[in-house]
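Q: Please take a close look at one strand of this structure and at the sheet around it. What does a reader new to the structure need to know about that part?

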Amino acid sequence: MVKEPVRILVVGGGYVGMYTALRLQRKLKPELKRGEAEIVVVTPDPYMTYQPFLPEAAAGSISPRHVVVPLRRVLDRCRIVIGEVTSIEHAKRTASFTTLATADEGSGAVDITYDELVLAPGSVSRTLPVPGLAEHGVGFKTVEEAIGLRNHVIEQMDIASSTRDPAIRDAALTFVFVGGGYAGVEALGELEDMARYASRYYHNVKAEDMKWILVEASGRILPEVGEEMGKYTVRELRRRNIDVRLETRLDSCEDRVAVLSDGARFPTRTVVWTAGVKPHPVLAATDLPLNERGRLNCTAQLSVDGATHAWGAGDAASVPDVTADEPGKECAPNAQHAVRQARTLGDNIAASLREQPLKEYTHKYVGSVASLGLHKGVAHVYGRKLKGYPAWFMHRVYHLSRVPTVNRKSRVLAEWTLSGLFKREIVSLGSLEHPRAEFELAAGGRSPKESS
């Protein structure tokens with residue numbers, strides 16, 4: 001009888017999914033060559049998004065295609081399936097998923113069996129039942145959202161420049177960001193810096209005409225860089241006339257009016273929601289043990305606690321921090337842990353298949369860096385606190401070293417070099433969101449912009 005190859009199913013193509021599959025490609029190279037093992041990656045997108053570069057992509061410092069890593073090129077010894085996993089029955093080692101062709105085929109979800117499961121679907125934006133948020137809010141987790149937001153900001157400046165109605169102008173030039181973590185602060189800092197630069201090319205829009213508002217429910221922002229650097233960030237943002245409101249919540253954004261818990265009201269056409277994340281909904285459609293926050297219960301070896309042949313890491317997993325002083329502490333669900341956990345995860349799966357001992361995930365705190373715009377930043381690295389240009393430079397060096405593949409590193413470095421030699425681009429390509437609009441109008445139909 002011919003022995004079936006061991007099938008490793010990786011759910012998700014983000015940090016954990018891509019880096020784990022990449023590690024397994026290297027660790028299981030002999031088994032893959034002999035046909036004794038097979039790695040299948042099921043992911044909604046054919047690329048991994050390097051999220052720390054999204055703010056710079058939104059500001060136009062990096063091309064959108066250089067923020068993503070094509071999975072088929074990097075994982076050349078894996079089988080890539082573009083689809084959405086809808087449910088997992090680990091007791092039967094079976095997962096169900098839909099593909100781009102499912103609707104046309106009319107066959108419903110496809111089942112796939114596996115021997116080892118890596119569940120790394122990541123997270124989704126954690127929204128609250130804020131009136132009007134679903135209709136008017138925009139997130140900042142994908143490259144599509146980042147580029148769409150850039151186009152939107154420049155479009156609002158065009159609207160303000162062309163209208164004679166002061167109410168429309170005021171709403172167009174008011175930008176509200178909810179959430180004081182990395183995503184919110186970096187997106188706000190980069191976009192405000194970009195818009196400030198772009199305003200010099202408008203005859204009737206000045207930088208001081210724009211209102212940038214950061215809303216944070218807690219009493220501090222950027223907790224990852226420490227309290228002192230967080231306070232410096234607040235001072236730096238306020239020095240740029242950015243309205244930072246701590247211990248404040250967004251109560252409503254109905255009728256394009258942002259109503260805050262402190263009673264302030266801001267007519268606005270831009271509400272960016274970056275107030276945290278939650279585990280991917282697919283976790284609830286499994287028979288695997290979850291904690292009270294809906295994340296996988298994992299051991300320090302990154303196996304799912306109480307379920308053999310199942311593994312997890314990253315945003316979707318609750319991983320004990322064995323290096324912490326206090327017992328019971330978990331690793332933070334951030335990119336720094338996800339990339340490191342993926343290496344250990346790949347090593348442990350390979351060791352498990354070869355009946356070798358597993359190792360625990362341990363880490364040493366390196367630090368945190370954040371960009372606040374061109375030549376502006378904060379950092380807390382190896383115990384040293386940096387701000388301004390040195391912190392911004394450290395931010396770029398760190399993330400350039402972490403972005404996958406030499407190809408991407410070279411392209412990003414080339415773009416940074418060219419952007420330092422030439423002026424910024426301030427073009428809005430909002431028509432990319434409606435590529436058929438011009439043809440539909442020519443064919444006698446209505447433009448999507450007119451109907452929306």
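A: Thr174, Val176 and Val178 point one way from strand S11, Phe175 and Phe177 point the other way, and all are buried; buried means under 20% relative accessible area, exposed over 50%, and partly exposed in between, with a 1.4 Å probe and protein chains only. Strand S11 covers residues 174-178, and because five of its five residues are buried, it is largely enclosed by the rest of the structure. Strands (E, at least two residues) and helices (H or I, at least four) are DSSP runs, numbered from the N terminus.

This is a predicted model, in which local features need pLDDT of at least 70 and side-chain atom pairs count only at pLDDT 80 or more, while totals for chains, interfaces and linings use all residues. Residues are numbered from 1 along each chain as its sequence is written, and side-chain values use heavy atoms, with hydrogens and water left out.

Strands of a sheet pair through backbone hydrogen bonds, either parallel or antiparallel. Here two strands count as paired if DSSP finds at least two bridges between them. S11 pairs in the parallel sense with strand S12 (residues 211-215) over five bridges, and Ile213 in S12 is the bridge partner of Val176. S11 also pairs in the parallel sense with strand S17 (residues 270-273), over four bridges. In S17, Thr270 stands opposite Phe175, and Val271 stands opposite Val176.

These strands belong to an open sheet of five, in the order S10-S17-S11-S12-S13, with parallel pairing. Its edge strands, S10 (137-138) and S13 (242-245), each pair on one side only.

Helices accompany this sheet. Together, S11, helix H9 (residues 182-198) and S12 make a right-handed β-α-β unit; a crossover is right-handed if, with the strands pointing away from the viewer, the path from the first strand over the helix to the second runs clockwise. Helix H7 (residues 143-162) lies across S10, S11, S12 and S17 and runs at about 160° to S17. Helix H10 (residues 227-239) lies across S12 and S13, at about 140° to S13. For such angles, axes are lines fitted to C-alpha atoms, for helices over the stretch in contact (heavy atoms within 4.5 Å), and angles run from 0 to 180 degrees between N-to-C directions.

Six of the six residues of strand S23 (residues 376-381) are buried, so S23 is largely enclosed by the rest of the structure. Lys376, Val378 and His380 point one way from S23, and Gly377, Ala379 and Val381 the other way. S23 runs antiparallel to strand S22 (residues 367-373), to which six bridges join it, and His380 in S23 is the bridge partner of Ser368. Two residues lie between the strands in the hairpin of S22 and S23, where His375 takes a positive phi near 70°. Four bridges join S23 to strand S24 (residues 384-387), again in the antiparallel sense, and Val378 has Lys387 in S24 as its bridge partner. The hairpin of S23 and S24 also has two residues between the strands, and there Tyr382 takes a positive phi near 50°.
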